Amino acid sequence: MSKSVSSSEVSEKTTITAPAEFSINPPSSIHSSPEFGQYIMTEFALKYFREPLTMLGWKGMNAEGKNSNHLVQHTKVPIQESLIDIVDKQLNELAAKNFMVLMKFMGDQPPQKQQSDIDCLQSILWLCKEKEMLHDEICCQIIKQITDNHRKESCIRGWRTLYLFLGYYPCTSNLRPFVQRYLADVGFNAKHDFQAIAKVCQDNIHRTLQFGGRRHTPSKLELEAVMKGRNSRRILVYLPGKLERPSKIRPFSVGNDVLMEICADIGINDSEEAKEFSLFADKDNGEVVRPIRWNEYIFDFLLDDSSISLHFRRITWKEPLHFYNDLYVDVHYNQVLPIYLKGQLLLPNSVREAEQQAAILAAYQHKIRGAGPVPNG
């Protein structure tokens, strides 16, 4: 029977809220930037969107009362061309089709028969994956549809789409500061209904810049969880000796996040010492074992059928051992013991202390197996 390091349960049904700690090097607030005032989405629209009068159907009409804010505000009318002035005809058509898919997903247009909400969401993410040139366009479309949108359910779906998009795909350097400003404004507004998810979106931007975004698009099961507001999975990480450590894995958690949590549990707070440990993804009980690098996304390794398990162990032994944390001792003892019992433990040459420790280990094993008094060395 496996033992558990912690009996605490990590809920799988939490809403999308800001993590207790953001990523490894959280970005400084954009509010501190001297150029903060200029990064308004309306300014981006005036510079990069199509001619406003033409795009909004104002041509030949009295434009009194119209202003540039409408360029980045929710609309009930599907666009006929891309928001950003894209010259390529095919990309332009794909952008217009994507806007319609987004509207259907958000409930702003009637759904198409035999096309589920998950199908719509997958369609948007797949288009982003296939057409990198549309990243800014699709990001602008999502922001437009969540701005001044008075239908709460529609807004919820739009924000969750933005949450996924920013965790997978980077914006260009042209758009990024405007999106950061937009999210910062919402994140600093305690009265805003979507303050929490705006903060998570900010973190996703930083992670995408730092780690490059997820490699694989989400499965239907993962998208269904996001649709229900769940932003984490309770995963058991196996430590040496069949110890189980429950960990709350978010869709955009990387190897370093989980590694440092476990290192803290065993009393390691030094980043250099933590480098001596690693996470491993194990498929089908050892059929395939692969280390998870510090900057790789955990969800890129997990499968819906739970055939992948996560394991933690030490891989190098440069730093001296210490014995003030019981779990630390258990982890090292349990990792070394099976190697020792198989006669595969390698000791440094001419290291008397290591030989003595191996002898003591042998004596303890002799004792706990009920083999009588410890033999004299």
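Contact, as I use it here, means heavy atoms within 4.5 Å. I'm working on a predicted model, and these are my notes from going through it.

**Entry 1: L164**

I started with L164, which sits in helix α6. The relative accessibility of L164 is 1%, so L164 counts as buried. I also checked P251: it is 87 residues from L164 in sequence, yet the C-alpha atoms are 8.9 Å apart in space.

**Entry 2: helix α9**

In α9 I find E222, L223, V226 and M227 buried. Why do I put these four on the same side of α9? They cover an arc of only 140 degrees around the axis, so that is where they belong. I then looked up what covers the buried residues of α9, and the cover includes α3 (89-106), α4 and α6. After α9 comes G229, and I noted its positive phi, near 85 degrees.

**Entry 3: salt bridges**

Side chains of opposite charge can pair when their charged atoms come close. I counted with a cut-off of 4 Å between a side-chain nitrogen of Lys or Arg and a carboxyl oxygen of Asp or Glu. How many salt bridges does the count give? It comes to 18.

I picked out a few to look at:

- D119 and K220 meet through their side chains at 3.8 Å, N to O. D119 is in helix α4 (residues 117-130) and K220 is in helix α9 (residues 220-227), so this pair ties together parts that lie 101 residues apart in sequence. D119 has 25% relative accessibility and so counts as partly exposed. K220 also counts as partly exposed, because its value is 45%.
- E153 and R157 form a salt bridge with their closest N and O atoms 3.3 Å apart. Both residues lie in helix α6 (residues 152-168), 4 residues apart, or about one turn of the helix.
- E296 pairs with R293, and here the closest N and O atoms are 3.3 Å apart. E296 counts as buried, with 12% relative accessibility.
- R50, E81 and D85 I logged as a network linked by salt bridges.

**Entry 4: strands β4 and β5**

Next I moved to the strands. β4 (residues 277-283) and β5 (residues 288-292) pair in the antiparallel sense, and I have 5 bridges for them. Which residue of β5 is the bridge partner of F280? It is P291. The hairpin of β4 and β5 has 4 residues between the strands, and in it D284 takes a positive phi near 55 degrees.

**Entry 5: S309**

Last stop was S309, in strand β6 (residues 308-314). Leaving out residues up to four places away in sequence, S309 touches Y238, F280, A281 and D282. Where does S309 fall on accessibility, buried or exposed? S309 counts as buried, because its relative accessibility is 17% and the cut-off for buried is under 20%.

Notes:
Residues are numbered from 1 along each chain as its sequence is written. This is a predicted model: local features need pLDDT of at least 70, side-chain atom pairs count only at pLDDT 80 or more; totals for chains, interfaces and linings use all residues. Side-chain values use heavy atoms; hydrogens and water are left out. Helices (H or I, at least four residues) and strands (E, at least two) are DSSP runs, numbered from the N terminus. Buried means under 20% relative accessible area, exposed over 50%, partly exposed in between (1.4 Å probe, protein chains only). Two strands pair if DSSP finds at least two bridges between them. The arc is that of the directions from the helix axis to the C-beta atoms.
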